[in-house]
Amino acid sequence: MYITYKGVKLYYEKFGNQKETVIILPGWGKTKDTFKGMINSLRNSYTVYLVDYPGFGKTPFPKKVLTMHDYVGLIITLLDKEQITNPYIIAHSFGGRIAILLTGLYNIKIKRLLLIDSAGIKPRITFGKWLRLKSYKLLQWLARIVPKKYRVRYKKRIFKLFASSDYSALNALERETFKNIVNLDLTDYLENIKTETLILWGDKDTATPLSDGVLMKKKIRDSELIVFKNSTHYSYLENLDIVLRIIYIFFKD
């Protein structure tokens, strides 16, 4: 099924047909399928919705650059079309950005919020990252002294050397969208979240460090933090049985 917001299409799937609703906001990329085990359990007690973000799965990327507010607008449009009010939300990584804005800026009423290894806090630039960035800019600047017939090839090689595999796979519009996303710090919106929130985190998470989870616990007034030992950015997969028990208790308690 599809909805459209400002010319941008969003594909979503619906599982189950129960009274209460759970919206799952997955992480960036092709991570939607990692929630199959969770959905197979939750669909017996809830109606569950799962989305494909633009550029992934069955949702095409539009011919324009997107902002975080476009992603939030897509989810609000989905809620309106399906006449969903006061849902539970499970948000992982990038999906946490959407959830934070839904509740902390747009004041969308949510029954309870579960954040899992959530993004949203702009990382501090370490000396290593700063040095890497300066090196990249210097090498790109040196392109002006490279003969013209080799310049394009030189720039491409430098880009591939420094860019992550995920970033390299994006087209120009998707790269600008990605920049819009990662450069937006959502810390100030955390204090506006009034929804009861549970935060789950892997202590070995290198994509979104545990310190982000600790800060979210501090900023969100009605929140608790559970840390999974020896778990990574995908703590919900590595501890699925425990996470499911936590979800049922948290949503029903």
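## Overall dimensions

The radius of gyration is taken over C-alpha atoms, and the globule rule used for comparison is 2.2 Å times the number of residues to the power 0.38. For 253 residues, a compact globule would have a radius of gyration near 18 Å; the protein has 20 Å, which agrees. The C-alpha trace spans about 65 × 40 × 30 Å along its principal axes.

## Basis of the model

This is a predicted model in which local features need pLDDT of at least 70 and side-chain atom pairs count only at pLDDT 80 or more, while totals for chains, interfaces and linings use all residues. Residues are numbered from 1 along each chain as its sequence is written, and side-chain values use heavy atoms, with hydrogens and water left out.

## Nonpolar cores

Of the 253 residues, 47% count as buried (under 20% relative accessible area, 1.4 Å probe, protein chains only). A nonpolar core is a set of buried Ala, Val, Leu, Ile, Met, Phe, Trp, Tyr and Cys residues joined through side-chain atoms within 4.5 Å. The largest has 43 residues, and those with the most contacts inside it include Leu-25, Ile-98 and Met-216. A second, separate core of 24 residues includes Leu-114, Leu-200, Tyr-236 and Phe-250.

Contact means heavy atoms within 4.5 Å. Beyond its neighbours within four places in sequence, Ile-98 is in contact with Leu-25, Tyr-53, Met-68, Tyr-71, Val-72 and Ile-75. Residues 24 or more positions apart account for 74% of the contacts with a separation of 6 or more.

Conventions
Buried means under 20% relative accessible area, exposed over 50%, partly exposed in between (1.4 Å probe, protein chains only).
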